[in-house]
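Hi,

Here is the structure I promised to pass on to you.

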Amino acid sequence: AYSATKMPAASGSKSTSNPSKTLPMIHALIISSCLIISTVNAENCSPDPLVFHPSIGLQVEYVGSIPTNATEAWSYNMNVEDNFDNALYFLDQLLGIVYSYDAGTNSVTKVFDIATNTIPDGLTLDYPTSPHAGPGQTSRVHAMTKGSSSDEVIVVFSSMTLPTEYSEAHAKLPAEGMFRGYVCPDPPQFARDLFRLGDDVSCLTSETIYNVFYKYTVAEDGLLVNPVPFFALENQMTPGHLGGAIVTLDNGNVLWGVGDCLPYGTDGRFASQLDSEHCGSILSINPDDSSHKIVAKGVRNPQQFRIINRKNFPGKDVLIFSDIGGVTAEEVNGIKVKRLLDSDHIANFGWGRSLVDGKAREGTFYVGAGVMGVLGTDPPCEGDAPIKEPGYEQPWIQFGRTATDYFYAISGFAVAYPSFDKLELIWSEFNTGLIMGTTKHFTIKSRKYNGPAKGFKIRLYDEQGNYLEHGTNDLVKEALGDEAAGYFRGDPRLFHYPDGTAGAFIERTGTFYRLTEIEAPSTIV
């Protein structure tokens, strides 16, 4: 739950060079990257700190809850999937349970459970909680999105094995041994394959896992039946970046945010900048013939997609997504869907080390190579990148850590116009439980872009007008009381109800709420 010889084409475009010639060069650069050490320590190398908006607040209204099986800190992994026309699903990713929400009766119903339902042939979902990543990164049921009709949904499992229908994955991890390097501090340890760490080093372990995509039929009683697989990709289960953002396009294709397939501490290495590797990319997958292509690269760990159209203009759909950062910048990005799907262009969001200039980017900053296995300081910020840097997409918003804001990562966002007056976007943060927002809408035209939108912390109030000083973490305290043992992190996930209003789902408690913009009281109660 919880970033020589013939050179490739310029960043953001497809390479036309011969792989047999470029791969040796890439391999040489990869080996040399093992020795990169940050020598720059730029002052104020971070986004501007956020302050509370002086007049905008959000009211939190309790709506309902799903059953919870684990409420101790770090013992759960939940999510909410809202990219459906008239449906909403809550996922217990750790235990492999799916609940549907009925807005008419304000009730939830269990519609799938790996403990009682028939598991698709060949999948292995009964593995123990990941010894490599813990409960928070064990997602037996990983994600969901709408299918080709109202009685079809798409479910993504994370399995240790492939379906019986497949002998290999459609999208594979980089070739074995292509990305080698040093891992862990004090002393560094050599890993033969950064994308298949296994038990090579002492500070991290991993194993290959498969994200397997299925079409399910929604029966009349709402249960999910008749699974049919259509795609599988390899990822690395480790304390790192498994992605999971998903949305269905109007043409029926599925967009999937892969994550960079690496543990924390690095800059994404070169794979996230290669047009040939799915790690660090956004894929467009055709459920009918299993074909897929990379439509964007340079993403670190996207966990939420949403397509918006602010004024419902034809051809103006925009994909909005959050990208969990390393040390420097948490982001919400946007790109026009038509441009994203342009077959002559692969959009580049900057994460990973470029083969063109040797730099890696996070938000509007350059970052160093970092040390895999170092949390909290790596990869280090090395300085500002130019605003509107040619060849790179720019973030809608970004925010970072400060001496007083103990942010861990962005946990969700909502672009919910029925709930907003002045706000255009809100987002939440795992550790602090705070909700933040901006009043500046996403700018499609690059000539109007002059940097990330100004963001603010937004004060939360309960239905009685009481100020929630610790944001959604106060809702955890209210729900669990002494059971929370004095530690109230709840991991809020923002989402959209079927009517378009904004919601907040608290992973730890299973409770969900509605959020509505209000004028912040002049006096805090």
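First, some ground rules. This is a predicted model, where local features need pLDDT of at least 70 and side-chain atom pairs count only at pLDDT 80 or more, while totals for chains, interfaces and linings use all residues. Residues are numbered from 1 along each chain as its sequence is written, and side-chain values use heavy atoms, with hydrogens and water left out.

**The disulfides**

How many disulfides does a search of the whole structure find? The search turns up 3, a disulfide being a pair of cysteine sulfur atoms within 2.5 Å. If you number the bonded cysteines of the chain in sequence order, they pair as 1-6, 2-3, 4-5.

Start with Cys 45 and Cys 381, which are joined with an S to S distance of 1.8 Å. Cys 45 sits in the loop between helix 1 (19-33) and strand 1 (52-65), and Cys 381 is in strand 22, so this pair ties together parts that are 336 residues apart in sequence. (Helices, H or I with at least four residues, and strands, E with at least two, are DSSP runs numbered from the N terminus.) The torsion about the S-S bond of Cys 45 and Cys 381 is about -60°, so this disulfide is left-handed. Cys 45 counts as buried at 13% relative accessibility, and Cys 381 counts as buried at 10%. Here buried means under 20% relative accessible area, exposed means over 50%, and partly exposed is in between, using a 1.4 Å probe and protein chains only.

Next come Cys 184 and Cys 203, with sulfur atoms 1.9 Å apart. Cys 184 lies in the loop between strand 8 (181-183) and strand 9 (189-191), and Cys 203 in the loop between strand 9 and strand 10, so the pair ties together parts that are 19 residues apart in sequence. With a torsion of about -85° about the S-S bond, the disulfide of Cys 184 and Cys 203 is left-handed. Buried or partly exposed: what do Cys 184 and Cys 203 count as? Cys 184 is buried at 2% relative accessibility, whereas Cys 203 is partly exposed at 33%.

That leaves Cys 261 and Cys 279, whose sulfur atoms are 2.2 Å apart. Both cysteines lie in the loop between strand 13 (254-257) and strand 14 (281-285), so the pair ties together parts that are 18 residues apart in sequence. The torsion about the S-S bond of Cys 261 and Cys 279 is about -95°, so this disulfide is left-handed. Both Cys 261 and Cys 279 are buried.

**The sheet around strand 22**

Back to the strand that holds Cys 381. Which strands make up its open sheet, and in what order? There are 3 strands in the order 20-21-22, with antiparallel pairing. Two strands pair if DSSP finds at least two bridges between them. Strand 20 (360-362) and strand 22 (381-384) are at the edges with a single partner strand each, so one side of each has no neighbour in the sheet. Strand 21 (residues 365-367) and strand 22 share 3 bridges, and Val 367 stands opposite Cys 381.

**Strand 7**

Now find strand 7 (residues 152-159). 8 of its 8 residues are buried, so strand 7 is largely enclosed by the rest of the structure. One side has Glu 152, Ile 154, Val 156 and Ser 158, and the other has Val 153, Val 155, Phe 157 and Ser 159.

Strand 7 pairs with strand 6 (residues 141-146) in the antiparallel sense over 5 bridges, and the two form a hairpin with 5 residues between them. In strand 7, Val 153 is the bridge partner of Lys 146. Strand 7 also runs antiparallel to strand 10 (residues 207-218), joined by 8 bridges, and Ser 159 stands opposite Tyr 210 there.

**The largest pocket**

Finally, the largest pocket is lined by 30 residues, with Asn 83, Arg 306, Ile 307, Ile 308 and Asn 309 nearest its centre. On a 1 Å grid over the protein atoms alone, a pocket is an open set of points where a 1.4 Å probe fits, with protein on both sides within 12 Å along at least five of seven lines, and lining residues have an atom within 4 Å of a point. Strand 16 gives the most to this lining, with 3 residues.

Cheers
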